[in-house]
Amino acid sequence: MPENLVRPRRLRLVSLAAAAALLLSGCVNSGGDDDSGAEATPGTQGAEAEPVTATSVPTEELPGAAEDYTEYYEQDLEWTSCEETMLCAEVTVPMDWAEPGAQDDLEIQIISSDSGGDDAEYLLTNPGGPGSSGYDAVADTLSIAFSEELAEQYNIIGFDPRGVHRSAPVTCLDDAEMDEYREEVSEEQPDTEAAYSEARESAAELVAQCESESGALLGHVDTLSVVRDMDVIRAVLDQDELNYLGFSYGTKLGMTYAQHYGPRVGRFVLDGMLDVSIDAHELNKGQAVGFEEALGNYAQWCVEQETCPAGDSVDEVVESVQDLFAAVEENPVQGPDGRTINVSTLVSGFITPMYSRASWPLLSEALTMALVQRDFTMFQSFADLQSGRGPDGSYDWISSFAFTAVMCLDYPMPQDPDQIEAEFEEVSEEAPTFGPYLGHRAVVCEEWPYENVSEPWDAELGEVDELLMIGTTGDPATPVEWAENMHEQVPQSSLIIREGEGHLAYGTGNACVDEAVDGYLLDGDLDEGRTDC
């Protein structure tokens with residue numbers, strides 16, 4: 001999850017859903033590629049690679065003629081050993097799906113668990129984002145994120161979507177510039193014309209640097225382009241249907257795939273549902289309210305511990321957090337390494353341990369240090385974790401810019417300053433703790449050098465047999481109402497609702513959820529309607 005949260009005047013862009021991927025995968029960066037260079041095929045590591053015969057090109061879902069895409073759909077994979085026990089390959093896709101060959105091709109990095117054997121089917125996964133690494137999710141947490149049974153029956157595939165990490169990453173700033181960007185503090189008073197002008201100027205500078213570093217890629221990292229890449233991955237893996245497990249933003253990828261490639265949908269599990277029928281404002285507001293409710297749940301837990309550092313009642317805890325945010329917004333503090341800890345760093349660092357109830361004790365520890373000792377070291381560390389900053393000050397990869405690129409391409413944004421301000425004020429009113437710091441993406445998207453390519457959502461998925469959707473009652477990033485709404489819109493969907501706190505449901509210790517997901521992916525068993533776990 002990018003840590004960039006603050007008022008729109010300072011252009012901090014938030015990706016609340018993206019944190020799911022980092023916490024799901026249990027890491028921010030992989031330990032680096034372990035590539036021995038030896039060719040292999042899944043289930044036969046070290047053996048000579050065999051050609052893969054792709055299924056037919058789905059011409060009805062592509063903007064051009066079949067011959068324009070044949071070379072992509074019929075390419076042969078060359079597997080190499082990587083990450084000690086796994087296999088990796090590159091899948092070539094056109095940068096511009098509307099005009100293959102007009103721009104340089106992209107190489108999408110995929111990784112296979114190689115755990116199912118020669119004849120196993122593949123399970124494609126995506127951990128969230130947009131901007132999170134699916135390669136890392138499989139490489140680093142295979143035994144944690146996926147059940148042993150899934151790993152035995154499937155070769156689990158992770159991939160870095162276009163614009164992310166190993167797959168032509170969106171690049172804007174170097175390490176020093178990223179530090180400077182994160183430390184910025186506005187000298188203008190909020191809610192003034194000068195502040196808005198400052199934000200516009202800052203956005204223009206940032207976007208110009210993104211375009212200088214990333215070029216035409218900035219116009220081709222939208223969700224539909226990634227979904228088209230996913231269908232090529234399906235084809236070169238020689239799968240007639242795509243089996244898929246998507247989390248958070250990965251559920252939007254899944255729903256978009258189902259909308260465009262319905263006949264090729266296999267067993268689909270979508271955990272932490274995004275409501276793909278809502279606009280950017282409703283998305284932002286829903287997440288802000290979700291974190292507001294999560295703060296209340298944390299506050300209730302905190303006071304029950306009898307050692308809560310922020311107060312003796314829920315209201316006192318919430319007020320203490322609000323006061324802390326306001327104080328740092330007014331007077332940023334200096335971290336032990338000399339870097340400025342502004343309110344953006346504080347709020348994003350605060351959100352990190354809110355994703356899992358198991359991390360609430362860490363949140364209390366960080367609050368104790370901040371409130372009693374004015375020491376914000378833990379919050380700074382959490383924010384660094386989210387942004388991918390290592391102890392040496394290097395950023396191995398930065399998902400926040402990929403997130404920004406996807407959002408600007410996927411969601412129409414208002415350009416009228418009065419509407420932007422009205423939407424911002426609505427979010428701040430409904431989520432008084434977090435709303436004032438979530439900002440508004442329209443300020444940056446207004447400067448984006450490529451047009452929005454969003455398309456209307458169509459719930460008529462007539463050629464899809466079934467989907468499994470999952471929501472969690474206390475999920476702050478993807479509120480449970482989103483899963484309920486999507487289930488209502490899609491008749492052929494089943495719905496599981498986990499009762500509990502935290503983001504996502506599968507693999508969090510709820511046997512009811514885990515057994516249902518595994519039963520569907522392994523044996524095709526799926527209960528119709530809604531199931532409460």
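Author: A charge sits over a ring if NZ of Lys or CZ of Arg is within 6 Å of the ring centre and within 35 degrees of the ring normal. This is a predicted model, where local features need pLDDT of at least 70 and side-chain atom pairs count only at pLDDT 80 or more, while totals for chains, interfaces and linings use all residues. Residues are numbered from 1 along each chain as its sequence is written, and side-chain values use heavy atoms, with hydrogens and water left out.

Reader: Okay, what makes the charged end of Arg166 count with the ring of Tyr135?

Author: The charged end of Arg166 is 3.7 Å from the centre of the Tyr135 ring and sits over that ring.

Reader: How do you know how many helices and strands the chain has?

Author: You read them off as DSSP runs: H or I for helices (at least four residues), E for strands (at least two), numbered from the N terminus. That gives 18 helices and 13 strands.

Reader: What makes S8 and S11 a pair?

Author: Two strands pair if DSSP finds at least two bridges between them. S8 (residues 265-271) and S11 have 3 bridges and run parallel, so they pass. Leu270 faces Met469 of S11 there. On to S12 (residues 493-501): 7 parallel bridges join that strand to S11, and Ile470 has Ile496 in S12 as its bridge partner.

Reader: And which sense of pairing does S4 have with S3?

Author: Antiparallel, over 8 bridges, with S3 spanning residues 86-94. Pro94 stands opposite Asp105 of S4. S4 is also antiparallel to S6 (residues 154-159), over 3 bridges, and Ile111 stands opposite Gly158 in S6.

Reader: Which β-α-β unit do S11 and S12 belong to?

Author: A right-handed one, with helix H17 (residues 480-489) as its helix. The word means that, with the strands pointing away from you, the path from the first strand over the helix to the second runs clockwise.

Reader: How many aromatic pairs are there?

Author: Rings of Phe, Tyr and Trp (its six-membered ring) pair if their centres lie within 6.5 Å; planes under 30 degrees apart count as stacked, over 60 as edge-to-face and the rest as tilted. The count is 17 aromatic pairs. Take Tyr257 and Phe268: their centres are 5.9 Å apart and their planes make 35°, so the pair is tilted. Tyr257 sits in helix H8 (residues 249-260) and Phe268 in strand S8, 11 residues apart, so to speak a link between distant parts of the chain. Tyr257 is buried at 0% relative accessible area, and Phe268 is buried at 0% as well.

Reader: What makes the pair of Tyr298 and Trp301 tilted?

Author: The planes are 35° apart, with 5.9 Å centre to centre, and 35° falls in neither the stacked range nor the edge-to-face range. Both residues lie in helix H9 (residues 280-304), 3 residues apart, about one turn of the helix. Tyr298 is buried at 0%, and Trp301, at 15%, is buried too. Elsewhere, ring pairs link a cluster that includes Phe291, Phe325 and Tyr437.

Reader: Is Asp238 buried, exposed or partly exposed, and how do you know?

Author: Its relative accessibility is 42%, so Asp238 counts as partly exposed. Asp238 lies in the loop between H7 (223-236) and S7 (242-247), and has a positive phi near 60° without being a glycine.

Reader: What about Ser248: buried or exposed?

Author: Buried, because its relative accessibility is 0%. Ser248 is in the loop between S7 and H8, and its phi is about 55°, positive although it is not a glycine.

Definitions and conventions. Buried < 20%, exposed > 50% of the residue type's maximum accessible area, 1.4 Å probe, protein only.
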